[in-house]
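Student: Could you walk me through this one with me asking as we go?

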Amino acid sequence: MITNPIIPIWLMAIICVIMLVVKRKGIIPYIRQIVIVLLVFAVNLRVMVPSGDAKGKTRKIEANVVIVVDSTISMLARDYNGETERLTAVKADCKYVTDELYGARFSVISFDNIANYLSPFTNDAGYTANVIDAISPIGQMYAKGSSINVCKDMLNDILKKAKDKDNGNVYLLFISDGEITNGDKLDSFKGLSKYIDGGAVLGYGTKEGGEMYARSYSDEEPSVVEDKSDYPYKPAISKIDENNLKKLAGDMGIDYINMNKQSNIDSVLDEIRRNSSAQDTENSTYGYKDVYYIFLIPLLLLLIFEFICYKRRK
């Protein structure tokens, strides 16, 4: 048996105490009040019991895959296969990666003004895909220009720790359009290469570029990002910077791949599977079903009874 509270238990306990402090007149009515409060507490616990078990196999790949996602505003440029946002394509491709490498351990970083550690290493491919799917660029009013350099130190630490654990090869998928717009020059990432066994830098965008649509502070709908370097303002155009991406890949000793179609990454995924030992482990999986309705039925009956008593007193 497990519980999955609807409202945190500590908060529901406070609510129940308040409900009990307001005492009703008469012993019997107050006893009914106590029973109602206890039933409310029980319903909120959302008690779940096992619904059965089944034998299944879980595939485990001895590989640690670090996914770095550029979440700057430029990743909203609509130049992927026409007018699709780069970030939309990234999310679909990452779902493809986690499906193809099911059983591997994934960790996720994103970066905009700062680096964000979104997920430690986990075998839960579904969770990893959900984390990436929730990535959203920073708002226009907070953006300070983009730089790949902001994630270097965090990425170095994560790769080093993964390598030091010695529980499988370490692979990196670095996703970006390569743009640096805050005046920085791309740092050397060569120091990271000793922690990486493979992977790729994945480039999104086109040389022609695309307009970006983002929400500002008060906008309900995304509006075009404007280039305000000269008046009258014109739509800003983001273009892929493959020079930065190729230099990044060269520093870390991995391939650069232009992701103008999803299948371009297949060779990298094949390499990861080929160089990583895999095994199928048999396990028991349990399903659970809600039984809160057992407490809900008497609660509703008591509330109906209280309502009838209240109407009669009137």
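Tutor: Helices (H or I, at least four residues) and strands (E, at least two) are DSSP runs, numbered from the N terminus. This is a predicted model, in which local features need pLDDT of at least 70 and side-chain atom pairs count only at pLDDT 80 or more, while totals for chains, interfaces and linings use all residues. Residues are numbered from 1 along each chain as its sequence is written, and side-chain values use heavy atoms, with hydrogens and water left out.

Student: Which helix holds glycine 250?

Tutor: Glycine 250 belongs to helix H6, residues 242–252, and its C-alpha atom lies 8.8 Å from that of phenylalanine 189, 61 residues away along the chain.

Student: Is glycine 250 buried or exposed?

Tutor: Glycine 250 is exposed, because its relative accessible area is 52%, where buried means under 20%, exposed over 50% and partly exposed in between (1.4 Å probe, protein chains only).

Student: Switching to H3, which of its residues are buried?

Tutor: The buried residues of H3 include Leu87, Val90, Cys94 and Arg86, and arginine 86 has a relative accessible area of 0%.

Student: What does the side chain of arginine 86 contact?

Tutor: The side chain of arginine 86 makes a polar contact of 2.9 Å with that of aspartate 177; such a contact is a pair of N or O atoms within 3.5 Å, and within protein one must be able to donate a hydrogen and the other to accept it, with residues adjacent in sequence counting only if both atoms are side-chain atoms.

Student: And how many disulfides are there?

Tutor: The search of the whole structure finds 0 disulfides, a disulfide being a pair of cysteine sulfur atoms within 2.5 Å. Cysteine 94 is buried at 4% relative accessible area, and cysteine 309 counts as buried at 17%.
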